[in-house]
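This report describes a single protein chain for a reader who is new to structural work. Please keep the sequence and the structure in view while reading.

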Amino acid sequence: MRVPVIVEHAPPPSAAPSTARRPAPPPTAGPTVAAVRCALPPHRYAQDELTEPIGDLCLPRGADRAVLRRLHASAGVRTRHLALPIEHYALLGDFGRSNDAWIEAGLALGEEALTGALHEAGLGPADVDLLVFASITGVAAPSLDARLAGRVGLRPDVKRLPLFGLGCVAGAAGLARVHDHLRGHPGDTAVLLTVELCSLTLQRGDGSRANLVAGALFGDGAAALVAHGGARGGGTESPAARPRLVATRSHLYPGTERLLGWEIGAGGFRVVIDPGVPDIVRGHFGRHVRAFLAEHDLTVDDIGALICHPGGPRVLSAVSETLGLPEGTLAPSRHSLAAVGNMSSVSVLHILESVRAHRRPEPGTWGLLVAMGPGFCSELVLLRW
């Protein structure tokens, strides 16, 4: 496997590099996170309960399962929630039935997460001005957000922004787009809803390493985040529990389009996971994070809460290495991976929910929410409690 060489676009020769840094925003500026709520399917399994059933789905009868078992043992996952009971997956048959299951289970989990987050924020469905919806594990037109609108009582004039194709990065990218909208509409309330039923994309009869890795790593869930513009307060928690969205940054890595994503065929979504992803993270991610923070007179050492998508043990180790993080900095990400697996775009919101509930930063603490996904790309969201 050859890791793509990334050629960065240099500034034109006449453009002298600027040494000026943007000042940090005042403490009261910017949109605020009012609530985060996750919803998990009721079908919860220990990792070792899934190894052999997934082998039955993916491998020929009598095939050597040594690689499968090593992948399950080393994935950093202890338990996962699945959209369906594990014995039902052999009965799905084709992509149409899997996608129907995604719609049915996704609507139920999406409604649970959305109504739970609104209740936590002290709001009703009619208070929502923008609904950003992200998923990469199924397709529907009308999209799930449109189907949920009447079901939960959103206003007929609610703005909707369904996102597809962002994969694991969509939790951070969706939050960044919420930030952008609320900076321009400070009186609005926006909701980010993510629904990922990764188990329904598992390819039956596919013994490729990528499919086996996905079967060892990914879990199912949904999450909703409610945010207010700077001109609106609210929520049932104290202001200290509600981080502000300060700034965002997106980055595409040229020449890496084939590292991560789907190959879509008659069987549905066949996962692409290149083993070179951690090398890209080590080689480039740290530099982009430091440049982003420097624009706000910050360094990695100033970040008191790092909310990193748990792409897998090797990706987390690469992030820790490239940023020079102290031991335990990524503990919330590793705990989320162990408890529920990699839930694609849902995971960063699951970690943020846990941080707000159990590891609440002191007022004034800087936070950074980061994720990577197909493109290959990264998204950064700067937070402040």
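The buried residues of helix 1 are Gln47, Leu50, Thr51, Ile54, Gly55, Leu57 and Cys58. Because these residues cover an arc of only 155 degrees around the axis, they are on the same side of helix 1. The model discussed here is a predicted one.

The face of helix 1 turned away from the buried side carries two exposed residues, Asp48 and Asp56. Helix 1 itself is formed by residues 47–58, twelve residues in total. From its first C-alpha to its last, helix 1 reaches 16 Å, close to the 16 Å expected at 1.5 Å a residue.

Which elements meet the buried side of this helix? The buried residues of helix 1 pack against strand 2 (43–46), helix 2 (66–74), strand 3 (79–82) and helix 6 (209–217).

In soluble globular proteins, nonpolar side chains tend to be buried together. In this model, the largest nonpolar core contains 89 residues, and Phe285, Leu368 and Leu382 touch the most other members. Helix 3 (residues 95–120) gives the most to this core, with ten residues. A second, separate core has 36 residues, including Cys38, Ile307, Leu349 and Cys377.

When residues up to four places away in sequence are not counted, leucine 382 touches Arg244, Leu245, Val246, Ala247, Phe292, Leu293, His296, Leu298, Ile303, Trp366, Gly367 and Leu368.

## Two individual residues

Is threonine 32 buried or exposed? Threonine 32 has a relative accessible area of 18%, and it is therefore buried, the limit being under 20%. Threonine 32 lies in strand 1 (residues 32–39). Not counting residues up to four places away in sequence, threonine 32 touches Val226, Ala227, His228, Arg242, Pro243 and Arg244.

Glutamate 257 lies in the loop between strand 8 (244–252) and strand 9 (260–265). Glutamate 257 is exposed, because its relative accessible area is 54% and the limit is over 50%. Leaving aside neighbours within four places in sequence, glutamate 257 is in contact with Gly375 and Phe376. The C-alpha atoms of glutamate 257 and cysteine 377 are separated by 9.0 Å, although these residues are 120 residues apart along the chain.

The accessible areas of these residues are set out below.

| Residue | Relative accessible area | State |
|---|---|---|
| Threonine 32 | 18% | buried |
| Glutamate 257 | 54% | exposed |

## Pocket and cavity

The largest pocket holds about 1,000 Å³ of space. It is lined by 50 residues, and the closest to its centre are Val213, Leu217, Phe218, Ile273 and Gly311. Which element gives the largest share of the lining of the largest pocket? That share, seven residues, comes from helix 6. Other elements that each supply at least two residues of this lining include helix 1, helix 2, strand 3 and strand 9. Strand 10 (268–273), helix 7 (277–294) and helix 8 (313–323) also each supply at least two residues.

The structure holds one cavity of 30 Å³ or more. About 70 Å³ of space lies in the largest cavity. Residues that line the largest cavity include Phe95, Ser98, Asn99, Thr137, Gly138 and Leu200. Also among them are Thr201, Leu202, Gln203, Arg204, Gly267 and Phe269. Helix 3 gives the most to the lining of the largest cavity, with three residues.

Definitions and conventions. Residues are numbered from 1 along each chain as its sequence is written. This is a predicted model: local features need pLDDT of at least 70, side-chain atom pairs count only at pLDDT 80 or more; totals for chains, interfaces and linings use all residues. Side-chain values use heavy atoms; hydrogens and water are left out. Helices (H or I, at least four residues) and strands (E, at least two) are DSSP runs, numbered from the N terminus. The expected span of a helix is 1.5 Å times one less than its number of residues. Buried means under 20% relative accessible area, exposed over 50%, partly exposed in between (1.4 Å probe, protein chains only). The arc is that of the directions from the helix axis to the C-beta atoms. Contact means heavy atoms within 4.5 Å. A nonpolar core is a set of buried Ala, Val, Leu, Ile, Met, Phe, Trp, Tyr and Cys residues joined through side-chain atoms within 4.5 Å. On a 1 Å grid over the protein atoms alone, a cavity is a set of points where a 1.4 Å probe fits but cannot get out, and a pocket is an open set with protein on both sides within 12 Å along at least five of seven lines; lining residues have an atom within 4 Å of a point. Grid points are joined across faces, edges and corners, and a volume is the space filled by probe spheres set on the points.
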